[in-house]
Amino acid sequence: MLIVVDPNSGVPVYRQVIDQIRFHVSTGLLSPGDELPSTRSLSTQLGINPMTISKAYSFLERDGVVERRPGRPLVVKAVAESESSARKADQVREALTPAVRVILQLDVTREEASRTFEEMLKEGIDSKSEKPES
């Protein structure tokens, strides 16, 4: 499991850990039953305070993403397909929020924004950078 934190991003480190673990679960990189690294192990790996990892794990447990087993590592919790879909939708919504703000600030029409979004989906995210400048 790859987690990268940026202490200068403006997003609290515990939040970055939570978001990345949620993303790993949503994409299937972490499956139900997979064990998470211990608090101490992950904090050492990332070079951050163990309490930060503990806080992130507590939020993930509260939200039903992981489950704690006394004396054993935390594991990814199995969820129903409908809940999994809802979590993915939440992540998409969260990712698109900054784009929606820009669209509203630039006063771009819904049609223009939708058309641009559809084009980008068709092209794929990297195809823009591969096209030669005209």
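In the predicted model, V66 touches L36, Y57, L60, E61, L74, V75, V76 and K77, residues up to four places away in sequence being left out of the count. V66 is found in strand β1, which comprises residues 66–69. With a relative accessibility of 2%, V66 falls below the 20% limit and therefore counts as buried. A separation of 8.4 Å was computed between the C-alpha atoms of V66 and A78, which stand 12 residues apart along the chain.

The largest nonpolar core of the model has 20 residues, and those with the most contacts inside this core are V17, I21, L46 and Y57. Two or more core residues are given by each of the elements α1 (13–27), α2 (39–46), α3 (50–62) and β2 (72–76). Among these elements, α1 gives the most, with five residues. In soluble globular proteins, nonpolar side chains tend to be buried together. When neighbours within four places in sequence are set aside, V17 is in contact with I3, V5, L46, I53 and A56.

Helix α1 has 15 residues, and the distance from its first C-alpha to its last is 21 Å, close to the 21 Å expected at 1.5 Å a residue. The buried residues of α1 include V17 and I21, both of which are also listed with the most contacts inside the core. Also buried in this helix are V13, Q16, I18, H24, V25 and S26. The helix is followed by G28, which has a positive phi near 90°.

L30 is placed in the loop between α1 and α2. Its relative accessible area is 7%, under the 20% limit, so L30 is classed as buried. Beyond residues up to four places away in sequence, L30 touches M1, I21, H24, V25, L36 and V76. L30 and R62, by comparison, are 32 residues apart in sequence, with their C-alpha atoms 18 Å apart in space.

Five salt bridges are present in the structure. One of them joins D19 to R15, with the closest N and O atoms 3.0 Å apart. Both residues lie in helix α1, where a spacing of four residues corresponds to about one turn of the helix. D19 is partly exposed, at 24% relative accessibility, and R15 is also partly exposed, with a relative accessible area of 30%.

A salt bridge is also formed between the side chains of E35 and R69, at an N to O distance of 3.5 Å. Because E35 lies in the loop between α1 and α2 and R69 in strand β1, this pair ties together parts that are 34 residues apart in sequence. E35 is partly exposed, at 46% relative accessibility; R69, with a relative accessible area of 22%, is partly exposed as well.

R68 forms a salt bridge with E61, and the closest N and O atoms of this pair are 3.0 Å apart. The relative accessible area of R68 is 41%, which places this residue in the partly exposed class, and E61 is partly exposed at 31%. Finally, R22, R62 and D63 are linked in a network of salt bridges.

Note on methods. Residues are numbered from 1 along each chain as its sequence is written. This is a predicted model: local features need pLDDT of at least 70, side-chain atom pairs count only at pLDDT 80 or more; totals for chains, interfaces and linings use all residues. Side-chain values use heavy atoms; hydrogens and water are left out. A nonpolar core is a set of buried Ala, Val, Leu, Ile, Met, Phe, Trp, Tyr and Cys residues joined through side-chain atoms within 4.5 Å. Buried means under 20% relative accessible area, exposed over 50%, partly exposed in between (1.4 Å probe, protein chains only). Contact means heavy atoms within 4.5 Å. The expected span of a helix is 1.5 Å times one less than its number of residues. A salt bridge is a side-chain nitrogen of Lys or Arg within 4 Å of a carboxyl oxygen of Asp or Glu.
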